[in-house]
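Let's take a friendly walk through this structure, one contact at a time. Keep the model open beside the text as you read.

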Amino acid sequence: QVQLVESGGGLVQAGGSLRLSCAASGSIFSINRMGWYRQAPGKQRELVAQITSGGSTKYADSVKGRFTISRDNAKNTVYLQMNSLKPEDTAVYYCAAHMLTVVAAGDYWGQGTQVTVSS
């Protein structure tokens with residue numbers, strides 16, 4: 001069974017920091033891009049940050065300069081360091097990875113972790 005397991009969400013005051021982690025496990029042959037998405041109540045899910053297997057990154061304009069995505073290929077893990085958090089960052093954060101596994105090649109999703117930023 002292939003799965004993505006997130007951790008690190010929680011409640012933080014505005015200006016604070018959180019670090020999210022997402023570990024992929026199971027019968028995985030390779031992982032291409034990994035990323036973080038978020039969905040706030042009443043809004044569509046949006047890309048927050050993405051990183052390729054080679055280390056190229058992409059960020060949403062709203063988080064540039066505040067969030068940093070990184071990955072440990074040996075551990076099949078992606079991280080999201082979130083600094084200078086704002087109330088508008090409040091959302092459920094989802095990890096996603098494009099993987100080749102024994103089941104199929106495609107996009108896999110984690111269960112989501114809540115991030116709440118109080119003003």
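Cysteine 22 and cysteine 95 are joined by a disulfide, with 2.1 Å from S to S; the term stands for a pair of cysteine sulfur atoms within 2.5 Å. Cysteine 22 sits in strand 3 (residues 18-25) and cysteine 95 in strand 9, so the link spans distant parts of the chain, 73 residues apart. Strands here are DSSP runs (E, at least two residues), numbered from the N terminus. The torsion about the S-S bond is about -80 degrees, which means that the disulfide is left-handed. Both cysteine 22 and cysteine 95 are buried, where buried means under 20% relative accessible area, exposed over 50%, and partly exposed in between (1.4 Å probe, protein chains only). A search of the whole structure finds one disulfide.

A word on the source: this is a predicted model, in which local features need pLDDT of at least 70, side-chain atom pairs count only at pLDDT 80 or more, and totals for chains, interfaces and linings use all residues. Residues are numbered from 1 along each chain as its sequence is written, and side-chain values use heavy atoms, with hydrogens and water left out.

Now to the charged side chains. The whole structure holds five salt bridges, each counted when a side-chain nitrogen of Lys or Arg is within 4 Å of a carboxyl oxygen of Asp or Glu. One of them pairs aspartate 107 with arginine 33 at 3.7 Å, N to O. Because aspartate 107 lies in strand 10 and arginine 33 in strand 4 (residues 28-39), this pair ties together parts that are 74 residues apart in sequence. Arginine 33 is partly exposed, at 31% relative accessibility.

Aspartate 89 and arginine 66 form another salt bridge, at 2.8 Å, N to O. Aspartate 89 is in the loop between strand 8 (77-82) and strand 9, and arginine 66 in the loop between strand 6 (57-59) and strand 7 (67-72), so the pair connects parts 23 residues apart in sequence.

What about the contact between aspartate 61 and lysine 64? Their side chains meet in a salt bridge at 3.1 Å, N to O. Aspartate 61 is exposed, with a relative accessible area of 64%, while lysine 64 is partly exposed at 48%.

Finally, turn to valine 103, in the loop between strand 9 (91-101) and strand 10 (105-109). Valine 103 counts as exposed, because its relative accessibility is 67%.

Terms used. Helices (H or I, at least four residues) and strands (E, at least two) are DSSP runs, numbered from the N terminus.
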